[in-house]
Amino acid sequence: MRATILSFDGSKGVLSANGVQRPFDLTRWKSDKPPVAGQSVEFILDGEQVVSVSLVDNAALAQEKAGELANKGSAFAKATYAVAGRDVAVAYGIFAILGLFADVIRNIPVTLPGIVNGVSYANLEGGSFNGGFGLILVLLAILSIGVPVFWHHKAAPLAYCAPLLIVIIGYYNLYSGVSSVADFVGTFSSNAGSHVFSDVFQLITLWAWLTIAVALYLAVVGFRRYKANKIIPS
């Protein structure tokens, strides 16, 4: 049986297993390392008396924790898929792949997190423009698929608009960056700033347009589910 050492004074101690406390003494200890309060142990009973106590190996504990996390992750994934449905789950998967790995600017290795961080020469030159706060926001947008699993409210499907919100922020930053360059060049040429929109369209890759389309689809689905007053069952 598995237990935790509550206390040990050098010769005697107390175990806790399933809310039951059991005394033991050092003569029952079977491991090389001495017992310490807080350790996870395995013990054997003879009737109600503890006859053997041994320390649980750290590798075994780590494996058990990993198994627990895997089980929780699997349960969350199944619940999310059941609530979101196949169409939304697939769309979120596509958004995650494109948002994290697809370049959005032609001939420049910058992804959605990079333009969410802001488009400037300093950012692009720094080499870490695809990480930081922009990456956190994109990851949160991806995880928004799970909001209706935890928040059983008619407005919960509006969380599916999060990818579109992040896309809007990113492409607004892209437009602002291109506009800044156009304004700078405009000090030397009166026509330089007149084609900002067309310049931005020419910069955007096919993958970026697909990311925008998927984000729009998720937002439409979320809004429709909200309007339909679809309550997520608990």
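**Helix packing and cores in a predicted β-then-α chain**

Setting aside neighbours within four places in sequence, I166 makes contact with L112, V116, L137, V138 and A141, contact here meaning heavy atoms within 4.5 Å. This is a predicted model, in which local features need pLDDT of at least 70 and side-chain atom pairs count only at pLDDT 80 or more, while totals for chains, interfaces and linings use all residues. Residues are numbered from 1 along each chain as its sequence is written, and side-chain values use heavy atoms, with hydrogens and water left out. I166 sits in helix α7 and is buried, its relative accessible area being 7%. Buried stands for under 20% relative accessible area, exposed for over 50%, and partly exposed for what falls in between (1.4 Å probe, protein chains only). Between I166 and L140, 26 residues apart in sequence, the C-alpha to C-alpha distance is 9.5 Å.

As for the overall layout, the chain has nine helices and five strands. These are DSSP runs numbered from the N terminus, with helices (H or I) of at least four residues and strands (E) of at least two. Along the sequence the pattern reads β-β-β-β-β-α-α-α-α-α-α-α-α-α. Of the 234 residues in the chain, 35% are buried. Among contacts with a separation of 6 or more, 55% come from residues 24 or more positions apart.

Next, the strands. V41 belongs to strand β4 (residues 40-46) and, at 0% relative accessibility, counts as buried. Beyond four places in sequence, V41 touches M1, R2, A3, I5, L15, W29, V53, S54, L55 and V56. N18, by contrast, is exposed, with a relative accessible area of 75%, and is placed in the loop between β2 (12-17) and β3 (20-25). Most residues other than glycine have a negative phi. N18 is not a glycine, yet has a positive phi of about 55 degrees.

Moving on to the helices, α1 (residues 58-84) has 27 residues and at 1.5 Å a residue should span 39 Å; its end C-alpha atoms are 38 Å apart, which agrees. The expected span is 1.5 Å times one less than the number of residues in the helix. T80, V83 and A84 are buried in α1, and the cover over the buried residues of this helix includes α2, α6 (147-150) and α9. After α1 comes G85, with a positive phi near 90 degrees.

Two packed helices are described by the angle between their axes and the distance between the axes. For α2 (residues 86-101) and α9 (residues 206-227), the axes come within 9 Å and cross at roughly 145 degrees. Axes are lines fitted to C-alpha atoms, for helices over the stretch in contact, and angles between N-to-C directions run from 0 to 180 degrees. The α2 side of the contact consists of D87, V88, A91, Y92, I94, F95 and L98, and these meet W207, L210, T211, V214, A215, Y217, L218, V221 and R225 in α9. By class, the contact has 13 nonpolar, one polar and two charged residues; Ala, Val, Leu, Ile, Met, Phe, Trp, Tyr, Cys and Pro count as nonpolar, Asp, Glu, Lys and Arg as charged, and the others, Gly among them, as polar. Buried residues of α9 include A208, T211, I212, V214 and A215.

Finally, the cores. A nonpolar core is a set of buried Ala, Val, Leu, Ile, Met, Phe, Trp, Tyr and Cys residues joined through side-chain atoms within 4.5 Å. In the largest one, with 31 residues, V88, F95, L112 and Y171 touch the most other members. Two or more residues come from each of α2, α3 (112-117), α5 (132-143), α7 (162-186) and α9, with α9 giving the most, seven residues. F95 touches L100, L112, A141, I142, P163, V167, T211, V214 and A215, residues up to four places away in sequence not being counted. A second, separate core has 10 residues, including A3, A17, W29 and V50.
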